Amino acid sequence: MIALREVTKRFGATAALDAVSLEVPAATTHVLLGSSGSGKSTVLRLILGLTLPDRGTVSVDGTPVDVGTRDRLVARMGYVVQDGGLYPHLTASDNVALAAEAQAWPRDRIATRLTELAGLTGLDAAMLRRYPRQLSGGQRQRVGLMRALMLDPPILLLDEPLGALDPIVRVELQEQLGRLVADLKKTVVMVTHDVREAARLGHTITLLTAGRVVQQGTYADLAERPASPFVTQFLTAQTVPAPPTAAGA
Amino acid sequence: MSRRLALVLAGLLAGASAAAAAPDGVIRVGSKSFTESYILAEIAAQVIEQVGEARVERRVGLGGTGVTQRALESGSIDLYPEYTGTLTRVVLKDASLLTIDAIRARLRPRGLTMSDSLGFANTYALAMRADRAEALGVRTIGDLAAHPELRAAFSSGFLEREDGWPGLRALYGLRLARTDVMEHALTYRAIASGEVDLMDVFSTDGQLERLRLRLLEDDRHFFPDYSAVLLVRRELTERFPRTWARLRETLEGRLDDHRMARLNALVDLDGRHVADAAAAFLSGGASASTGAPARHAIVGEIAALTRDHLLLVAISVGAAVLLGIPMGILAARFRRAGQLELSVIAMLQTVPALALLMFMIPLFGIGKGPALVALSLYALLPIARNTYAGLMAIDRTLLEIAWVLRLGELRRLLRIELPLSAITIMAGIKTAAVTTVGTATLAAFIGGGGYGTLIVRGLALDDTGTILAGAAPAALMALTLHGVFELLDHWIVPRGLR
């Protein structure tokens, strides 16, 4: 379980997060929804320990994330960023294998795991020999996901993982991702600005704006019992409007 | 890879230690960088070889009095030809010393001594083109007072020394339209083409006759006596008494002005090799030499110099890589200390290369060792700077992911950061290597060898062919290295980045 209690994080004079609390029970997916600059990526960085809160606490499985614990806690997390965040000088398989190499896994164990992960993420195994720039956006994203899953961490932190993809690939990957994290029983925190993605993948959703929580709950809660007009505005802004009628004139 | 590095390190150490103490049974003969000094040094070297008491190491063409004198006092060379006037005025700084014995007594506490006069006096003199002097009616230095429109070009020593232009001008009350500093070898051309009217020369100068220059009479006897002598470390006379006795016997009083001018002309005008001129003197006749002209010898020499030069570049750039990359890494890790570190290296770069080489002499003597140290320091900046820039330019997210993947410091550096900066770092090494090929030609000024040997000699002998024989291969080497590094890029820069 991941928990934030009254967390405030400032960068200079502006508050990136202002008294944010949230809870993510094990084996559920929580979506951080909001427009860019709302502070949702900062939540992921706080959970990872890449940055520490000014006030409040962040805890993972009951242990507060701080200077002393973050090196240990990060071992339970996999991290995926937009467009994969792959190292351009390494092949896809080298990218995926990095963490296992650092843990001194034997070669054959790494190879077995690579095949397993390729199957899991639906990546053509032949693609593993390629360099990132030789892969499509969707393939890069799959490799990024494989890399995060390599050591089978219980927690996955996904920062706009599908943000750079065209709509068709995006929908396909959304479905795959939803099935995958459910099968593997991962605890997932995912950042997106895509309302449909949030509805499709999130057991629970936190809608953020300017560093503050606007509403938390299921998609149904947000859609049917909006806490403010802003919630409705945010949810409907991305739905496709009815086409203009020819008779309008 | 690591074996290659070890070799480079070993080479560097060997080069540095070779510059230290003189091994037994070796006499290091030095000279300044002008024809007469080369010839006298070569004569001394051949005499020492004939006696057979010690092996000879030639470290000729060191430059002016300052460098050569320091090389002698530090023990990097054991003897070189000098002039009494220079000794009293520049080295001992006491113009009241008039006799050889008086000078010798003053050299004693410095661990030095000298021979008697070799017979000729190479005094400073002013020269003009004969036709121009004729037209203006200039015969003596005193006559110059009537011609303030004249332009002079002097060697830098002459222009600044009290026994040179400043004293001369004061005594004769002279004023000239221009007095510029010019390398001696270039001044001959300038005076021949009429761009310059007046220059300082030595009275035994082999060029006087060819260029039809007239020596102006020193009617008020300003210029002191510049008798040639051999200046040596006293320990040489004690360790190799037979050699020293033979040197004195062969040389003292044996070279008059005319004979020396002939030997100089043999090299300067007839294009004979210095060794031939020396052999001609030792075999009795200054003009009976039969050796091949110097130009043929040069071709064979270039191969050896190429190896020399390549070694200078390879070792110094190798050392700069070993030092510069860690320095760049440190600068990127510790920002504030890093800025200080990079500023210090940048400051080193602002020291003119020749001056940096000169600073090395009191620390490491002369030869390859100090040249390598200076060249390495010079090559450091582009490598350290580019390593720093390359590391700083890496996307922060990629570094954070490395932390999340728990790669550890060393693995992150070797597997992620250095490969990602490879293009920038390689560019720095390439810059360092190509510029070092050029800078390394200056190593010859402190006896470091390489292509510069030919450039220094060519300048001293006023021989464009010899200068080009050194400069052209250096340019070719720079081009070749550039090409080699382009290929190396393909090998070192990770495929995914190209």
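This is a predicted model: local features need pLDDT of at least 70, side-chain atom pairs count only at pLDDT 80 or more; totals for chains, interfaces and linings use all residues.
Why does A104(A) count as exposed? A104(A) has 6 C-beta neighbours inside 10 Å, and therefore counts as exposed.

Residues are numbered from 1 along each chain as its sequence is written, while chains are lettered from A and ligands numbered from 1 in the order in which they are written.

**The two chains**

- Chain A holds 9 helices and 10 strands. Helices (H or I, at least four residues) and strands (E, at least two) are DSSP runs, numbered from the N terminus.
- Chain A has 249 residues, and 42% of them count as buried.
- In chain A, 66% of the contacts with a separation of 6 or more involve residues 24 or more positions apart. Two residues are in contact if their C-beta atoms, placed from the backbone, lie within 7 Å.
- Chain B holds 23 helices and 10 strands.
- Chain B has 498 residues, with 48% of them buried.
- In chain B, 76% of the contacts between residues at least 6 apart in sequence join residues at least 24 apart.

**Where the chains meet**

- Chain B gives 17 residues to the contact, and chain A gives 18 residues.
- On the side of chain B that touches chain A, the elements giving two or more residues are α19 (396-404) and α20 (409-420) of chain B.
- The largest share of that side, 5 residues, comes from α19(B).
- By class, the side of chain B that touches chain A has 10 nonpolar, 3 polar and 4 charged residues. Ala, Val, Leu, Ile, Met, Phe, Trp, Tyr, Cys and Pro count as nonpolar, Asp, Glu, Lys and Arg as charged, and the others, Gly among them, as polar.

**Nonpolar cores**

- The largest nonpolar core has 136 residues, of which A44(B), L357(B) and I446(B) touch the most other members. Such a core is a set of buried Ala, Val, Leu, Ile, Met, Phe, Trp, Tyr and Cys residues joined through C-beta atoms within 7 Å.
- Helix α18 (residues 368-392) of chain B supplies the largest share of this core, 14 residues.
- Apart from this core lies another, of 75 residues, including L145(A), M150(A), I155(A) and V195(A).
- Not counting residues up to four places away in sequence, I446(B) touches several residues, among them L62(B), V67(B), L357(B) and P370(B).

- Buried residues in α3(A) include A92(A), N95(A), V96(A) and L98(A).
- The buried residues of α3(A) pack against α4 and α5 (137-149) of chain A.
- Just after α3(A), A104(A) takes a positive phi of about 60°. A104(A) lies in the loop between α3 and α4 (107-121) of chain A.
- D83(A) is not a glycine, yet has a positive phi of about 65°. D83(A) sits in the loop between β6 (77-80) and α3 (92-102) of chain A.
- D83(A) counts as partly exposed because it has 18 C-beta neighbours inside 10 Å.

**R200 of chain A**

- R200(A) belongs to helix α7 (residues 195-201) of chain A.
- R200(A) has 16 C-beta neighbours inside 10 Å, so R200(A) counts as partly exposed.
- Leaving aside neighbours within four places in sequence, R200(A) is in contact with Q174(A) and G178(A).
- R200(A) and G178(A) are 22 residues apart along the chain, and their C-alpha atoms are separated by 7.9 Å.

**A helix and a sheet in chain B**

- Helix α16 (residues 335-350) of chain B has 16 residues and reaches 23 Å from its first C-alpha to its last, close to the expected 22 Å. The expected span is 1.5 Å times one less than the number of residues in the helix.
- α16(B) is hardly covered, with 1 buried residue among its 16 residues.
- An open sheet of 5 strands runs in the order β7-β6-β8-β5-β9 (chain B), with mixed pairing. Two strands pair if DSSP finds at least two bridges between them.
- Its edge strands, β7 (178-181) and β9 (213-215) of chain B, each pair on one side only.
- Strand β5 (residues 124-129) of chain B and β9(B) pair in the antiparallel sense over 3 bridges.
- The bridge partner of M128(B) in β9(B) is R214(B).

Key:
A residue is buried if 20 or more other C-beta atoms lie within 10 Å of its own, exposed if 12 or fewer, and partly exposed in between; C-beta atoms are placed from the backbone.
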